[in-house]
Amino acid sequence: MTGLPTRRSGMPVRLVLADDHVVVRQALSLLLASAGFQVVGEAANGQEAVVLVRERRPDVAVLDVVMPLLNGLDAAREIHHASPRTSVILLTSRHDEQLMLEAVRAGIRGCVEKTHEAKELIQAVRDVAAGGVYLSAALSRCMVEAYRTQAARPPDPLSPREHQVLQLIAEGQRTRDIAHVLGVSVKTAESHRANIRRKLGIRQTEGLVRYALQSGEVQVGEPRSPSRASGNPLSDIPRGPDCRTRREA
C-alpha cells in the first residue's frame with residue numbers, strides 16, 4: 001500500500017460514516033465527535049456513502065462491510081475513484097481471509113473489528129488520516145494467512161461489478177432496479193445477470209441468492225441488532241471464529 005498525503009496540522013479530521021443501522025451510526029458519530037473528529041456526513045447504505053464522499057471529500061470514510069445496495073468493499077472501490085485522497089476504514093465482524101485480500105485490492109487503509117473496544121476505531125482513524133494503515137491483531141493474522149494460501153485458492157470467477165449485481169439480486173432487486181442503482185442501461189444489467197449465471201453455472205435466481213449467502217456476499221434476512229449490554233457501539237454482531245475462509249461451510 002502506498003502512503004497518502006498527511007493532513008495539515010491543527011485541522012480536525014473530517015469523516016463520513018456509513019452503516020445501515022441508525023442507532024449504531026448515531027453512536028459512532030457521537031463517539032468520533034467526542035474524540036475530536038468532524039463527522040461531515042452519515043449514510044445508510046454504500047450508494048449514499050459514495051455520493052456523500054464525492055460531494056464532501058472527507059479525509060476518512062468509515063464503512064460497515066454489510067450494507068444494502070453497495071456493500072462496504074464495493075463502496076470503497078467507488079470511493080477510491082471518486083475521491084482518491086479519502087482513506088477508507090472497514091468495520092467488520094468477519095475474520096475472513098478472502099475479505100482481507102479484497103480489502104487490500106480495494107485500497108482500504110484500515111479494518112476494525114466490531115467486537116473490539118471503541119478506542120480501536122479512534123486509533124484507526126488517527127492512523128489512516130496520518131497516512132498510515134491500521135489492522136487489528138486478529139485481522140493481521142488473517143491477512144498473513146490469506147497471502148500464504150493465495151496460490152492454492154481458486155480464482156474468483158466474478159468481476160467486482162458482477163459481485164455488485166449479485167448482491168443486488170440477493171437483495172431482491174429487479175433488473176431495472178439494478179440498472180438504476182448502478183447507473184447503467186437495463187440491457188447492460190441483464191447482460192451482467194446472464195454472465196453471472198454462466199460463470200457460476202446457476203440458472204435460477206434462488207440458486208444465485210443461495211450462492212451469495214454461502215459465499216458471504218450479503219446477509220439477507222439475518223437480523224442484526226444494535227449493541228446492547230456491552231455498551232460498545234462496535235459490537236452489534238457476535239464474535240465469529242478467529243479466522244475462516246469466505247466460502248467455508
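This is a predicted model: local features need pLDDT of at least 70, side-chain atom pairs count only at pLDDT 80 or more; totals for chains, interfaces and linings use all residues.
At the start of helix α3, the backbone nitrogen of leucine 73 lies within 3.1 Å of a side-chain oxygen of asparagine 71. Helix α3 itself spans residues 72-82 and is mostly covered, with eight of its eleven residues buried. The buried positions are Gly72, Leu73, Asp74, Ala75, Ala76, Arg77, Ile79 and Ala82, so that Leu73, whose backbone nitrogen takes part in the contact with asparagine 71, belongs to the covered part of the helix, given that buried means under 20% relative accessible area.

**The chain as a whole**

The chain contains ten helices and six strands, and buried residues make up 50% of its 249 residues. Of the contacts in the chain with a separation of 6 or more, 70% are accounted for by residues 24 or more positions apart.

**The sheet and the helices on it**

Six strands form an open sheet in the order β2-β1-β3-β4-β5-β6, and their pairing is parallel. Strands β2 (38-43) and β6 (134-135) stand at its edges with a single partner strand each, so one side of each has no neighbour in the sheet. Strand β1 (residues 14-18) runs parallel to β2 and is joined to it by five bridges, and within this pair arginine 14 stands opposite glutamine 38 of β2. Helix α5 (residues 118-129) packs on the sheet, where it touches β1, β3, β4 (87-92), β5 (110-113) and β6, and its direction makes about 160° with that of β4. Another helix, α2 (residues 46-56), lies across β1, β2 and β3 (60-64) and runs at about 145° to β2.

Six of its six residues are buried, so β4 is largely enclosed by the rest of the structure. Ser87, Ile89 and Leu91 point one way from the strand, while Val88, Leu90 and Thr92 point the other way, and all are buried. Five bridges join β4 to β3, the two strands running parallel, and isoleucine 89 in β4 is the bridge partner of valine 62.

**Helix α7 and its partners**

Two packed helices are described by the angle between their axes and the distance between the axes. Helix α7 (residues 160-170) can be described in this way against α3 and against helix α8 (residues 175-182).

| Helix pair | Axis distance | Crossing angle |
|---|---|---|
| α3 and α7 | within 10 Å | roughly 135° |
| α7 and α8 | within 10 Å | roughly 130° |

The angle between α3 and α7 is such that these helices are therefore oblique to each other, and α3 passes α7 in a left-handed crossing. In this pair, Asp74, Arg77 and Glu78 of α3 meet Pro160, Arg161, His163, Gln164 and Gln167 of α7. Helices α7 and α8 are likewise oblique to each other, but their crossing is right-handed; here Arg161, Gln164, Val165, Leu168 and Ile169 of α7 meet Ile178, Val181 and Leu182 of α8.

Leaving aside residues up to four places away in sequence, histidine 192 touches Arg161, Glu162 and Val165. With a relative accessibility of 17%, histidine 192 counts as buried, because the cut-off for that class is under 20%.

Methods: Residues are numbered from 1 along each chain as its sequence is written. Side-chain values use heavy atoms; hydrogens and water are left out. Buried means under 20% relative accessible area, exposed over 50%, partly exposed in between (1.4 Å probe, protein chains only). Helices (H or I, at least four residues) and strands (E, at least two) are DSSP runs, numbered from the N terminus. A polar contact is a pair of N or O atoms within 3.5 Å; within protein, one must be able to donate a hydrogen and the other to accept it, and residues adjacent in sequence count only if both atoms are side-chain atoms. Two strands pair if DSSP finds at least two bridges between them. Contact means heavy atoms within 4.5 Å. Axes are lines fitted to C-alpha atoms, for helices over the stretch in contact, and angles run from 0 to 180 degrees between N-to-C directions. Angles under 35 degrees count as roughly parallel, over 145 as roughly antiparallel, 65 to 115 as roughly perpendicular and the rest as oblique. A crossing is left-handed if the near helix is turned anticlockwise from the far one by less than a right angle, and right-handed if clockwise.
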